[in-house]
Amino acid sequence: SAEAEQPIESLSVDWEGFANYAGVETHEVTESELTQHILKGHIEAYDSMEELRVRVSGDPVLSKLGLIIKVRNRKAKARMILDTKASGIKYVTGKSQRVILPRLFDAVLRLLCLMSLSTMAGEEVSAFVLDFSDAFWQIPIAENELRFFCVTSLIKEVRKYLVLLRAAQGSRAAPLLWARLAALLMRLTQSLFTPAQVNLMCFVDDPIAALRGTELERRMFVAVIILVWEALDFKLAYHKGQLSKVVTWIGGTLTCEATGVRAKVKEAIADDVKSDLSRLLGANIISRKELHSLVGKLAHCAGLLIIMRPFLQPLWAALYADGPTGAPANTIWIKQILSTLQWLSAFFNGSVGGVERFFRLDAFLRTGPTVEIGTDASPWGMGGWLAVDGVITHYFATPISTDDQTIYSVASGIAEGQQLWECLAVLVAIDVWSTHWQQDRIVLKVRGDNVGALTLLIKMRPATPTLAI
């Protein structure tokens with residue numbers, strides 16, 4: 001949570017000297033978006049500052065209009081936002097909650113859960129996607145706060161003074177307001193069905209419903225959902241609606257098959273990552289803004305393939321490292337992250353495979369043999385055992401080698417290496433014995449007395465450079 005950083009009395013704007021960012025007012029997107037929102041009743045426009053002052057019952061605080069330009073596959077797309085930093089609105093606004101959003105993997109689990117319950121003839125599982133349109137703009141701003149959400153711009157070459165009646169993208173509290181409203185709507189809608197029929201979740205303004213039943217029943221569930229949302233006056237993007245065994249949701253494609261769910265990162269995102277990596281491998285520096293954008297795309301892919309997570313750690317480390325590096329301001333040397341970029345480039349260009357994963361229903365149901373690994377370590381050595389369906393079949397024991405000490409820069413026989421060797425023991429066990437189950441679907445259990453090692457294995461998020469190795 002975050003409280004307001006400044007008192008509201010600190011707000012003041014030089015109306016006569018005010019100007020938007022260069023190029024914003026002349027960009028075709030700005031006038032087009034403002035005109036659309038005026039027609040929809042989201043914004044009111046006035047010819048003078050005095051008229052605006054009367055409307056908002058006080059001195060308007062003008063915020064700048066900004067443009068977010070995203071380049072994907074060398075194609076630029078612009079979106080207008082409200083920039084509340086310069087006006088100070090951001091710093092007098094508090095946020096009291098952090099919203100945890102669902103991921104593609106969460107939708108996969110919902111679909112698999114319903115598949116596991118489908119036993120009657122004619123029953124199938126599919127997904128329904130229907131986005132909300134103008135999400136933040138559906139939330140009205142209180143009358144006594146209107147003066148804090150004012151802008152000015154040219155519309156048809158005439159200076160207009162505008163007040164935003166609805167929460168706009170860019171205001172600090174808008175995402176939280178919408179998230180609370182959307183969460184309430186999802187809970188209300190979910191209460192109309194049993195969890196064995198419908199499973200709902202929503203990523204910002206992109207809801208998805210996992211459906212189980214006959215074709216007629218699933219269509220009826222969708223009709224009820226739409227009617228409820230319409231009755232509550234939510235605006236829906238019907239042209240984006242999907243009801244199928246194959247749907248695209250938050251940058252990924254989900255396919256319900258007979259034996260499981262296939263999930264694939266959207267081709268456009270993968271192509272975008274490939275393009276970025278190709279360009280960066282031929283450069284000397286990268287801006288922090290560019291690297292942050294790349295890491296965001298890679299983190300989205302890692303949500304599906306968690307094996308990628310350790311390889312993102314050097315990128316995060318470079319992004320948030322303190323101290324001088326000799327690179328130009330707000331940039332990072334490519335050589336700092338070169339090996340990581342090379343590995344990622346090889347992965348995305350097919351050396352290891354595409355960004356796709358098939359989640360089998362029998363694996364979700366935990367059918368198949370139970371393979372259990374137990375490991376332990378001391379500052380001098382490590383060992384482990386392998387059991388299949390409760391019967392121990394193999395073991396290993398080895399001292400800490402000189403190679404281990406060199407690679408990790410930790411000497412044997414000291415307490416500082418304890419957690420490292422515990423983690424290494426798990427890696428050794430999996431490396432030595434993985435051939436025993438590579439072609440099978442198993443239930444894999446790992447037993448140990450070190451919480452750090454088990455947490456690393458589950459989350460694949462290393463806390464230190466040595467654990468990343």
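For the charge count used here, Lys and Arg are taken as positive and Asp and Glu as negative, while His and the chain ends are left out, and each charge is placed at NZ of Lys, CZ of Arg, CG of Asp or CD of Glu. On that basis, the mean positions of the 48 positive and 48 negative charges of the protein chain lie 2 Å apart. The structure is a predicted model, in which local features need pLDDT of at least 70 and side-chain atom pairs count only at pLDDT 80 or more, whereas totals for chains, interfaces and linings use all residues. Residues are numbered from 1 along each chain as its sequence is written, and side-chain values use heavy atoms, with hydrogens and water left out.

**The chain as a whole**

- The protein chain has 14 helices and 19 strands, these being DSSP runs numbered from the N terminus (helices H or I, at least four residues; strands E, at least two).
- The C-alpha trace of the protein chain spans about 85 × 65 × 40 Å along its principal axes.
- Of its 469 residues, 42% count as buried, where buried means under 20% relative accessible area, exposed over 50% and partly exposed in between, with a 1.4 Å probe and protein chains only.
- The accessible surface of the protein chain comes to about 25300 Å², of which 55% belongs to carbon and sulfur atoms; such areas come from the Shrake-Rupley method with a 1.4 Å probe, and for residues only the protein chains shown count as cover.
- Among contacts (heavy atoms within 4.5 Å) between residues at least 6 apart in sequence, 71% join residues at least 24 apart.

- Three strands form an open sheet in the order β1-β6-β5 with antiparallel pairing, two strands being paired if DSSP finds at least two bridges between them.
- Because β1 (43–46) and β5 (150–155) stand at the edges with a single partner strand each, one side of each is left without a neighbour in the sheet.
- Neighbouring strands of this sheet are turned by 35 degrees against each other on average, direction ignored.
- The antiparallel strands β5 and β6 (residues 158–164) are joined by six bridges, and Cys150 has Val163 in β6 as its bridge partner.
- Helix α1 (residues 28–40) packs on the sheet, where it touches β1, β5 and β6, and its direction makes about 115 degrees with that of β5; axes are lines fitted to C-alpha atoms, for helices over the stretch in contact, and angles run from 0 to 180 degrees between N-to-C directions.
- Helix α2 (residues 49–56) also packs on the sheet and touches β1, β5 and β6, with its direction at about 10 degrees to that of β6.

- Strand β11 (residues 252–257) runs antiparallel to β12 (residues 260–265) and is joined to it by six bridges, with a hairpin of two residues between them.
- Thr253 stands opposite Lys264 in β12.
- Five bridges join β12 to the antiparallel strand β15 (residues 356–360), where Arg360 is the bridge partner of Gly260.

**Individual loop residues**

- Ala327, in the loop between α8 (309–319) and β14 (331–333), is buried, with a relative accessible area of 18%.
- Not counting residues up to four places away in sequence, Ala327 touches Ile332 and Trp333.
- Most residues other than glycine have a negative phi.
- Ser409, however, has a positive phi of about 55 degrees; this residue lies in the loop between α11 (402–408) and α12 (418–433) and counts as exposed at 66% relative accessibility.
- Met460 likewise has a positive phi, near 55 degrees, and is found in the loop between α13 (451–459) and α14 (465–468), but Met460 is buried, with a relative accessible area of 18%.
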